[in-house]
Amino acid sequence: MNQWNWVAIRAYGRAAFALLMAVVSIAMLSQWQASPLLAGFVVVGRWVPLLALAVTLWLVAAPTYRLVQWQRGHGFDCPRCGGPLGHERTGYASRGGAYRRCYACGDNINHRHYMSNAA
Ligand SMILES: [Zn+2]
């Protein structure tokens with residue numbers, strides 16, 4: 001598999017998972033509707049797929065924005081492979097604090113080692 005397939009998987013993996021949750025919850029709700037015992041839950045439960053779809057949209061939009069910014073030279077390059085870095089995560093202070101994971105090679109890059117790719 002080439003490097004850009006991994007970029008797509010790392011960037012949109014969580015979006016795919018959220019979409020799966022939406023599909024599963026829709027399937028479950030349609031099952032529940034048939035049961036008089038569970039029909040009451042459907043009233044509350046029908047918000048779950050909507051919420052999951054909203055999360056999916058966000059999880060698609062956020063990495064896309066990050067990749068577009070990176071491509072325009074407003075992002076951070078991975079010091080190891082030059083690939084785009086993901087969102088910043090709070091790391092343990094003992095391990096140097098905040099870090100980003102590289103979408104291309106999967107390396108965790110400490111905030112002290114971010115390299116702006118602004119030309
Ligand atoms: Zn990398």
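The model is a predicted one, so local features need pLDDT of at least 70 and side-chain atom pairs count only at pLDDT 80 or more, while totals for chains, interfaces and linings use all residues. Residues are numbered from 1 along each chain as its sequence is written, and side-chain values use heavy atoms, with hydrogens and water left out.

Start with helix α3, which covers residues 47–71. Helices (H or I, at least four residues) and strands (E, at least two) are DSSP runs, numbered from the N terminus. With 25 residues, α3 reaches 36 Å from its first C-alpha to its last, close to the 36 Å expected at 1.5 Å a residue; that expected span is 1.5 Å times one less than the number of residues. Several α3 residues are buried, among them P49, L59 and W70. Here buried means under 20% relative accessible area, exposed over 50%, and partly exposed in between (1.4 Å probe, protein chains only). The cover over the buried residues of α3 includes α1 (3–33), α2 (39–45) and β1 (76–77). After the helix comes G73, with a positive phi near 90 degrees.

L67 of α3 is buried, and it also belongs to the largest nonpolar core, a set of ten residues that includes V7, C78, L85, C102 and Y114. Such a core is a set of buried Ala, Val, Leu, Ile, Met, Phe, Trp, Tyr and Cys residues joined through side-chain atoms within 4.5 Å. Leaving aside neighbours within four places in sequence, L85 is in contact (heavy atoms within 4.5 Å) with residues including R66, F76, C78, C102 and Y114.

Then there's the zinc ion. Its protein donors are the SG atoms of C78, C81, C102 and C105, lying 2.3 Å from it. Donors are N, O and S atoms within 2.8 Å of the metal (3.2 Å for Na, K and Ca); water is not among the atoms, so sites may look incomplete. The donor residues are spaced C-x2-C-x20-C-x2-C in sequence. C78, in the loop between β1 and β2 (85–89), and C102, in strand β3 (residues 99–102), link distant parts of the chain, 24 residues apart. C78 counts as buried at 1% relative accessibility, and C102 does so at 0%.

Finally, the whole structure holds one salt bridge, meaning a side-chain nitrogen of Lys or Arg within 4 Å of a carboxyl oxygen of Asp or Glu. The partners are D107 and R80 (3.1 Å, N to O). D107 lies in the loop between β3 and β4 (108–110) and R80 in the loop between β1 and β2, so the pair ties together parts 27 residues apart in sequence. D107 is partly exposed at 24%, whereas R80 is exposed at 59%.
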